[in-house]
Amino acid sequence: MAGLGFACLLLALGICAYGIAASIYGVRAGRPEFSDSGRRAVYALAGVLTVAFVVLELAFLRNDFAFNTVADTSSRTTPLQYRAAAVWSSQEGSLLLWAWLLSLWASAALFLVRRRMRDVASYAQAVLLGFGGFFVALMIFYADPFATTRPAPPEGAGLDPLLRFPTMMIHPPMLYSGYTLCTIPFAFAVGALLARRVDADWIKAIRRFAFAGWLFLGIGILLGARWSYSELGWGGYWGWDAVENASLMPWLTATAFMHSLMIQEKRGMLKVWNVSLVLATGTLAIMGTFLVRSGVLNSIHAFGGATLGVPFVCLIGLLIGGSIYLVVSRREMLRSENRLDSLLSREAMFLVNNLVLVGLCFVIFWGTYFPLISEAVTGHESSVGPPWFDRYTVPLALILVLLSGIGPVIAWRRATLAHARRNFLAPAMVALATAVALLAAGLGHKPLAVTMFCCAAFVFASVGQEFVRGTRARRAMAGESAPVALLALVRRNRRRYGGYIVHLGIAVLFIGVAASSSFQHATELQLRPGQSTKVGAYTVRYARPTASITPKYDRAHTGSTLALGALLDVSKNGRHVATLNPSQGYYASQEAGQGTVGSLIGGQPVSHVAIDGGVTRDVWSAISPEIEAPALKRIVEAGNRTLGPDQAPIALLYLVRSYLKSPPPANFHFIVSPLVMWIWVGGVIVFIGGLIAVWPAPSTIRARAAARARVPRRLVRA
Amino acid sequence: MAVVITLCTLALLALVVLVVSAPLRAQAERRAGGGEELDGEAGAAGEDEEREQDSEGRAQEREQLEVARETKYREIRDAELDYRTGKLSERDYRELDAELRAEALEILDALETEGATPTDASAARSRSRRTGPRRRPSSG
């Protein structure tokens, strides 16, 4: 079956080459049948890569260890759901997933515009097939997912324990969907520039794909943050890791584009800016993919054994150079049709918002690539850490949240000062009251966090004011009850009110970030059973040790051979609050020389974090038991000397008995973080708001709205 | 197994060629179905192609105008909502509304020149979606 998979890759490369040639010939020679054939090549690419993906997926599900990638990342003891997801845990499999998702989304986009913008679409499909061909070529020449070893090994190495987590199953498909969807607006922008058709039509065509890319990237980023918080054992959700930053940068430029797009639609302004944002987003998506695979920067997310740096650098150079050339050479047709009417307008606020978002992206770009830049300039690799990022991103984030409250209360085109003052009064009073309350509560020693809470309060008040006034206006016009009027208001103005809900979600998210960063209590120490410690207002007592052996007893299906942990009682003011059970999982090792028992537990240990989450706070804990304690070490050494491989698991029983009877002191990491839950809740609100904003209005509503707004000629001409 | 894989690959290749070449085959059939072209007919065929390109250009123009029309309608509604939610004074709203409606009129004029009657067309689509006959009130 590996032969079929590789044959599909070769076929895919041929399809891409043909499709590019047919599309370009079709549009240049005015032969629409060749353009159509090029579009069908994209559909065929999707079909062929689907076959290839199914072949690889079946190999994982059937434990076909003749496939090198299956032997490297899966095993018979890996639970079924993680085996299915292990396809994209390797460099090779993730490249196939990337190419497959690109072909699917590209097919959807081209199908939707098949009767329009033939010339723009022809160039776009050539660009998309170019991307597809690049990734397929990488697989054929550098990282073949269908490479085999005969005879097949009897067992695989198993999935990395760090990846045995539900959110990690869907995090890569979400993130890759985001990256690939970002290439679609990129391709259509290139097509529009090449075809010299930079009118409103191509913007309308790519809008939903730009949004979809933004949405999937955002979901992927949040899932990754959740994994980091729940699995990695350091207690944080964002570490300014290079690969985290690589996914955030295109999300920021896509957010800027979603806003400035509205200005171009309404006023024909910011065309150069929008085209540049779209091109930058697509390029940053490719750069994000490059970072994970090239090995140029250290990251926990990176695939090992990177060999793909050079091809990616060539592609990125081509994208950047080509984008700059196209924008500069077409700058005449990208002139704005109108000018900004007033600085006191929603357009002006969107512009400022864009500058802040791009500024954030630039800061993160600089910090992320600083090791490469410093090495190129000075010969020494230097890096910047979280404090550097926090210093520059926090003030920008504050401005961003504030702007998300200002934008809703300012009119399009121009607002008068008097009206602006009136509209800002209530939100400003709410923000001020929040500041007074927080300072009175003694939180003044964290000015940045207090400022963020006040900005968020401002957003809640301004968005709430918009909903109340809009509902009131709707009731006055239609005589409906308040709930009906509210529903009708949102249905008829999805973009506006969906956008307001997104702003609310962002404010909620940043409340969670500010509170959990600034008011976190963390401590690390060693405890024996019966001992207790204070963490903030909480008392944590080590009640008793816990232990489990083999995957059969491992409820989380982490595949650990042995898990040693502790039961912790958490109380506050003498009242029991939670019971936590953090543990450390020990996994089998493939390394030689560890002995029969040592090899059962000598693999990379993984912390299984215990979290008691709540509306107001999370109590988080991780444990590092002293596996090298003399009593336990003696058992392992005795087992290595006397037990064969088949009898070695008996030693694990003795280990467990010894650990439970006389547990050695364990090192604990405790954290109490306020309001962490609101980060995830904020993300969900953003997701819901985004869906509302982009959901197409039913055609009857569209027709009625058009009829209401239909211009009565006689009124205007009189 | 090797034979099965080879057969599957060939079948896939055949399917790909079938799908990808369909527009080319359709065009070749259209040309062949037109019969032999004499010199005069070749000229007529050339004119037909020019007319087709012209009509595609006009279709693109009409598409752009329809997008511009929908955007302008949205702007008019947004301005009304801004006024009703207290972001615009009445004077500013009347001024802006007149401006936007004048811009919309230009777009509608351009659309009518292109040959489409957008308001009639959208009204006709709305009417055609009403289901069931209307009952006439009984008389006595």
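This is a predicted model: local features need pLDDT of at least 70, side-chain atom pairs count only at pLDDT 80 or more; totals for chains, interfaces and linings use all residues.
Residues are numbered from 1 along each chain as its sequence is written, and chains are lettered from A and ligands numbered from 1 in the order in which they are written. Local features need pLDDT of at least 70 and side-chain atom pairs count only at pLDDT 80 or more, while totals for chains, interfaces and linings use all residues.

A nonpolar core is a set of buried Ala, Val, Leu, Ile, Met, Phe, Trp, Tyr and Cys residues joined through C-beta atoms within 7 Å; buried means that 20 or more other C-beta atoms, placed from the backbone, lie within 10 Å of the residue's own. The largest such core holds 203 residues, and A12(A), L45(A), V401(A) and F510(A) touch the most other members. Helix α8 of chain A (residues 200-231) gives the most to this core. Helices (H or I, at least four residues) and strands (E, at least two) are DSSP runs, numbered from the N terminus.

| Item | Residues |
|---|---|
| Largest nonpolar core | 203 residues |
| Share from α8(A) | 18 residues |

In chain A, four strands form an open, antiparallel sheet in the order β1-β10-β9-β8; strands pair if DSSP finds at least two bridges between them. β1 (521-527) and β8 (610-613) of chain A are at the edges with a single partner strand each, so one side of each has no neighbour in the sheet. Four bridges join β8(A) to β9(A), where G613(A) has D618(A) as its bridge partner.

Between the chains, the contact (C-beta atoms within 7 Å, placed from the backbone) takes 49 residues from chain A and 47 residues from chain B. On the chain B side, α2(B) supplies the largest share, 15 residues.

Terms used. A residue is buried if 20 or more other C-beta atoms lie within 10 Å of its own, exposed if 12 or fewer, and partly exposed in between; C-beta atoms are placed from the backbone. Two residues are in contact if their C-beta atoms, placed from the backbone, lie within 7 Å.
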